[in-house]
Amino acid sequence: MWWGYSQPLDLQAEITQKENCVLDNLEILIVGAGDARHIMKTLASSYTHSDQAITYHVIEPTLEQVARSVLLLSICLEKDLGLQEATRYYLEILGNTILRPATAKYLAKCAKQLIDIPTQTIDCPWLSLEKFKHKDRDNLESIFKFWARATREGVPIVNYWDRRIRKLLKTRYDYREGVFDWDYYMVLKPRCTTNLTIQEYRFWRNNGVAFTWLEGEPARSNPTLLNNIIQCGPGFIHYAYLGDIVNGPFFTWAAIEKNEEKLRATDIAEREVMRAIHEIKAKEPLCEDYVGAHRDASILNSIIVSQMPDIEMENESWIDVENKSKQNKKISWVEVPNHKIIFYPATSLESLKSKCEYINKFHLIWIAHNMTKQLANLAPLASAGAPVIVELRKHMADLRKEDLQNFTKELKEIAQENGLRSLYDFDSNEHIFARFCKN
């Protein structure tokens with residue numbers, strides 16, 4: 001639930017290819033993406049297209065996912081972060097249960113600053129939360145407060161992860177390495193063209209750390225991966241980790257369909273995120289020499305797997321010693337004047353189709369693989385001839401060939417029932433996306 005299972009798309013290109021005309025304002029609906037990768041990619045590629053205003057309407061199932069998307073977008077747009085720095089922060093917060101101390105310090109500082117966004121006491125020109133009720137905004141504020149506090153005080157997320165693994169594998173827990181190897185070699189390797197290595201996949205399955213580098217050792221818990229955060233008096237209640245423990249965050253930025261380079265999935269993801277952040281800020285292509293320029297070429301292509309830190313390091317409490325001048329400093333973002341991101345509550349999935357202003361409104365709709373049953377609610381929102389892109393389940397290791405075939409069949413039936421015409425014959429075993437067009 002914390003990340004998607006498909007590479008980021010330039011949604012502006014998807015529309016202009018279909019429309020064959022330039023629209024003054026593009027309205028895009030993104031449902032259940034799990035992260036902000038499509039917005040990031042579209043922002044990064046906008047300088048290659050004609051100047052158009054784009055409004056992103058985003059629906060996520062939980063407020064924690066909304067808060068994470070805001071945080072990840074803030075990292076990409078923050079002026080004061082260096083390119084290498086922002087890239088590492090983004091990837092670690094996206095997919096690691098354990099963070100490097102530098103990333104944890106940044107998360108604690110940034111979360112405290114983002115608290116002011118739901119209360120509208122800080123001007124965030126690229127973001128709108130006006131569709132949320134006051135209660136939801138208060139809950140968003142509580143999530144940011146929890147992150148700031150939990151990053152300093154520590155939460156036993158490694159224990160949460162291990163409980164999930166034990167519950168999933170049961171009597172096979174003692175032979176989990178064999179289970180992980182089977183999923184990699186027998187399911188993911190034949191099905192997916194990627195640079196994901198067995199060392200990276202096995203390390204992530206064991207402890208939830210997806211992206212590692214030689215230059216730093218993870219040692220602090222990542223509280224942004226916790227669920228059901230509720231403020232209770234002076235403290236907080238939260239549920240344990242409920243996210244993915246089988247597939248991993250590798251199939252977003254690291255899912256590049258070419259395997260000629262001897263790079264890890266981490267190296268591919270670092271390059272692609274770095275390119276996107278650079279293009280957002282500089283409006284020009286990234287010089288490839290920037291990628292890995294700080295590293296010795298002899299270790300750039302090597303497999304680097306860190307040892308897990310002592311559990312006492314993870315739960316060691318930090319004291320907030322920042323001075324007031326730093327605390328009062330507001331985040332400064334780069335300007336993206338033609339782009340606006342509007343988040344909606346999950347209840348909007350059913351309510352939007354009953355509002356006249358949303359019928360036939362959107363020039364493109366992107367739908368996650370676990371939201372396909374909402375097509376009946378979403379199809380009326382697409383304008384005539386608008387592309388509807390559905391994420392498929394090719395990169396999900398817990399599904400077998402028969403499961404993917406059944407998903408493909410069900411999706412085709414639902415789409416036909418709701419007036420969507422398939423642009424090509426797709427198969428979840430072979431394709432990453434299904435593309436439809438509204439009749």
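Y239 counts as partly exposed because its relative accessibility is 47%. Partly exposed sits between two cut-offs: buried means under 20% relative accessible area and exposed means over 50%, with a 1.4 Å probe and protein chains only. Y239 belongs to strand β7, residues 235-239. Strands here are DSSP runs of E with at least two residues, helices are runs of H or I with at least four, and both are numbered from the N terminus.

This is a predicted model, in which local features need pLDDT of at least 70 and side-chain atom pairs count only at pLDDT 80 or more, while totals for chains, interfaces and linings use all residues. Residues are numbered from 1 along each chain as its sequence is written, and side-chain values use heavy atoms, with hydrogens and water left out.

**Surface patch and pocket**

Rolling a probe the size of a water molecule over the atoms shows where empty space is left. The largest pocket holds about 240 Å³ of space. A pocket is an open set of points on a 1 Å grid over the protein atoms alone, where a 1.4 Å probe fits, with protein on both sides within 12 Å along at least five of seven lines; lining residues have an atom within 4 Å of a point. Volume is the space filled by probe spheres set on the points, which are joined across faces, edges and corners.

G243 is 240 residues away along the chain, yet the two C-alpha atoms are separated by 9.0 Å. G243 lies in the loop between β7 and α10 (265-282). G243 is buried, at 6% relative accessible area.

**Salt bridges**

Side chains of opposite charge can pair when their charged atoms come close. The whole structure contains 16 salt bridges. Each puts a side-chain nitrogen of Lys or Arg within 4 Å of a carboxyl oxygen of Asp or Glu. Three of them are listed here.

| Pair | N to O distance |
|---|---|
| E153 and R149 | 3.2 Å |
| D162 and R166 | 2.8 Å |
| R271 and E272 | 3.0 Å |

E153 and R149 are four residues apart in helix α6 (residues 134-153), so about one helical turn separates them. E153 is partly exposed at 37%, and R149 is partly exposed at 30%. D162 and R166 are four residues apart in helix α7 (residues 157-169), again about one helical turn. D162 is partly exposed at 23%, and R166 is partly exposed at 45%. R271 and E272 are both buried. Elsewhere, D35, R37 and E391 are linked in a network of salt bridges.

**Positive phi angles**

K170 is not a glycine, yet its phi is positive, near 55°. K170 is in the loop between α7 and α8 (176-191). With a relative accessible area of 63%, K170 is exposed. N360, also not a glycine, has a positive phi of about 55°. Its loop runs between α14 (348-351) and β9 (364-367). N360 is partly exposed, at 43%.
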